[in-house]
Amino acid sequence: MAEPSLARLSALFFGFLLLFATYSWVPGLHPGFLSGTGVRKTLGPGPKLRVDHSSAKPHHPLDPLTVREIKRVQTILFDHDPGFGSGSATIHSMALDEPDKTHVVKWKKGNRLPSRRAEVLALSGGQAHVIIVDLDSGRVVSDVVNPTSGYPILTMDDIIAASQVAMKSIEFNRSVEARGVKLSDLIALPTFTGWYGPEEEGRRILKVQCFTSQDTPNYFMRPIEGLYATVDMDKLEVIKIVDKSPVPIPKASGTEYRYSVLNKPVHMDRINPLSIEQPDGPSFRVENGHLVKWANWVFHVKADHRAGMIISQATIRDSETGEPRSVMYKGFPSELFVPYMDPEELWYYKTYLDAGEIGLGPAAMPLVPLNDCPRNAYYIDGVFASPDGKAIVQPNMICLFERYAGDVSWRHSEILIPNADIRESRPKVTLVARMATSVGNYDYTFDWEFQIDGLIRVTVAASGMLMVKGTPYQNVDDLGDKENDSGPLISENVIGVVHDHFITFHLDMDIDGPTNNSLVKVHLEKQRVPNGKSPRKSYLKVKKYVAKTEKDAQIKLSLYDPYEFHIVNPNRKSRLGNPAGYRIIPGGNAASLLDHDDPPQTRAAFSNNQIWVTRYNRSEQFAGGVLVYQSHGDDTLQVWSDRDRSIENKDIVLWYTLGFHHIPCQEDYPVMPTVAASFELKPANFFESNPVIGVAPFFEKDLPVCRPFASS
């Protein structure tokens, strides 16, 4: 059999780019790959300005590694292990090893920055390394080998290598061609294997599944069902091919989604373009690339290889005194868990931990102006390291914008006072920090939305393509007793496999300081009224319980046993004696229903509960552990919490798992409309009263002259 053709390898290569959206790993695809420069939009409408990342310096202890720092880390690693220079050792992620929290909290602008260090997850000789590089001294200060089970985040080099190995297999190619698929149309996509025992033990493997891109860019809707190859990534060889009876490949018609190509009539009246105009310019400013100041809020924002976007040191000014007060030290999506509900041989392993297996940062493509972010948005670039240690700019990865959608911050109209015209209303204007990442078939948008009343709303929105399964059936009437096997029929020969989405957030709440916080469980308990005491028969009474240890804070939500959960500082009290606090307000949610001894659930044990509170430990950042790929579940949030450390009046971390079950339907084909879920962090006796009572309303004289169109 001939070697793979250029056209075939090109199809494969660009298929990978579409799959993982990691244009950042490929030289020449964005400005600044070699020069370390990127593009950023100015505040408000206007031309884009080139940002010279090659000369950037850190200005804050939590600023991400700069291009120059990444180059220096590369040099230090080459001296530490010659394998990094020869290619036998590879960098799988590189990020700032953040200074001790106490040093960051004490740091003031103008002070010297704490020592700058980098944490590198690497692979050398088949062994996982967690390396700490001190940039000030120019040396490696720690190199821990295999601290837990599992391997580092995969790189694009891993993905391409696994596919090339499969595509060089004569047996694999024959199976593809036997299904009537041209090799030039083949998209061979490695998928993550999880960990189930002997097959994965002691070696890194990827399972390569196949699609055809014939007549469509939406190859996800055209799976070549019944065929995959297992590739040993250490030996770069195929160790297993599964070739089941062929299933009809779904049609290409109806899978197109690009506006420039799509010629599908839309039977609705046109929606005119919308834009927010700010005649006085935006109300926020960004200092030194990462420090955001808006209204009464100040926070630090940065791109991250694993978490995508991190919000740090969020403080708000007190409404009475103007004093800056700490709310949250650090918040970010710690891990995602997406298990598909099909136990068959070709599907059982599809239970993804996206942040720890591929990373949310490299998969974040440049945001689309006017569509991902409004016209008044400001953009921030990401800077990462490639597997060989070169610095790469991910342009326009994060956007900031003010949002006003006609919502009301507070209002009251008085009708009971005679001759009084009291109609008070205030607009709700918020500030949004947004990042979108395309992890394989799914696109996730993460919003951190700040309100002037102190509330923080975190939203995760999912769109993109379903992971579908080929089937011989074209109509539900043909399915018979197979109708509910793994999911519903959503198009001819296409099953949308049922699956879950769980996103666990790390929320290091520091209410008025890091060292004296507690979790208070506020319980609504039903009380029976004694006979003859009242016409009422029952009522609800509030009782408060302070969680003493971590196991007290392993919480499953229940509509019929309602609690509120407050993080309070018992040493900071209001004039009435209430401890200052914030409460977490869950939105619509779902719980993982998998058995705890099911291997995917063991690895994703952070989804066993919706709320956790743990003792702060700087090594406990990612809920799935440091090394996630093929991990066994020995380094998870569940493991840490089961240590049952004291959490009363301590430096504590709140963890919240947002989730939803997804039973696909025809409207999800060929691209899924966005579905969103959220939660809120809201002040609870943090302020003395409503902190926005004195905020001014909008007046017509302050706004541009825009009148509704009057039709004749």
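This is a predicted model: local features need pLDDT of at least 70, side-chain atom pairs count only at pLDDT 80 or more; totals for chains, interfaces and linings use all residues.
**Entry 1: the chain as a whole**

I began with contacts (heavy atoms within 4.5 Å): among those in the chain between residues at least 6 apart in sequence, 68% join residues at least 24 apart. Residues are numbered from 1 along each chain as its sequence is written, and side-chain values use heavy atoms, with hydrogens and water left out.

Next I looked up the secondary structure and found ten helices and 34 strands; these are DSSP runs numbered from the N terminus, H or I of at least four residues for helices and E of at least two for strands. The radius of gyration is 27 Å, close to the 27 Å from the globule rule for 712 residues, so the chain is as compact as a globular protein of that length. That radius is taken over C-alpha atoms, and the rule is 2.2 Å times the number of residues to the power 0.38. I also noted that the C-alpha trace spans about 90 × 70 × 65 Å along its principal axes.

I then checked burial: 54% of the 712 residues are buried. Here buried means under 20% relative accessible area, exposed over 50% and partly exposed in between, with a 1.4 Å probe and protein chains only.

**Entry 2: Tyr442**

What does UniProt list for Tyr442? Its unreviewed entry gives "modified residue: 2',4',5'-topaquinone"; UniProt positions are in the numbering used here, feature names are shortened, and annotations may be inferred rather than shown by experiment. I found Tyr442 in strand β22, residues 442-451. Its relative accessibility is 2%, so Tyr442 counts as buried. Leaving aside neighbours within four places in sequence, I see Tyr442 in contact with several residues, among them His499, His501, His662, Tyr340 and Met465.

Asn419 sits in the loop between β19 (408-414) and β20 (422-427), and I noted it as exposed, with a relative accessible area of 84%. Asp644 belongs to the loop between α10 (637-641) and β33; at 28% relative accessibility, Asp644 counts as partly exposed.

Last, I turned to the peptide bond from Tyr669 to Pro670: is it cis or trans? I found it cis, with omega near 0°. Pro670 is in the loop between β33 (652-662) and β34 (672-684).
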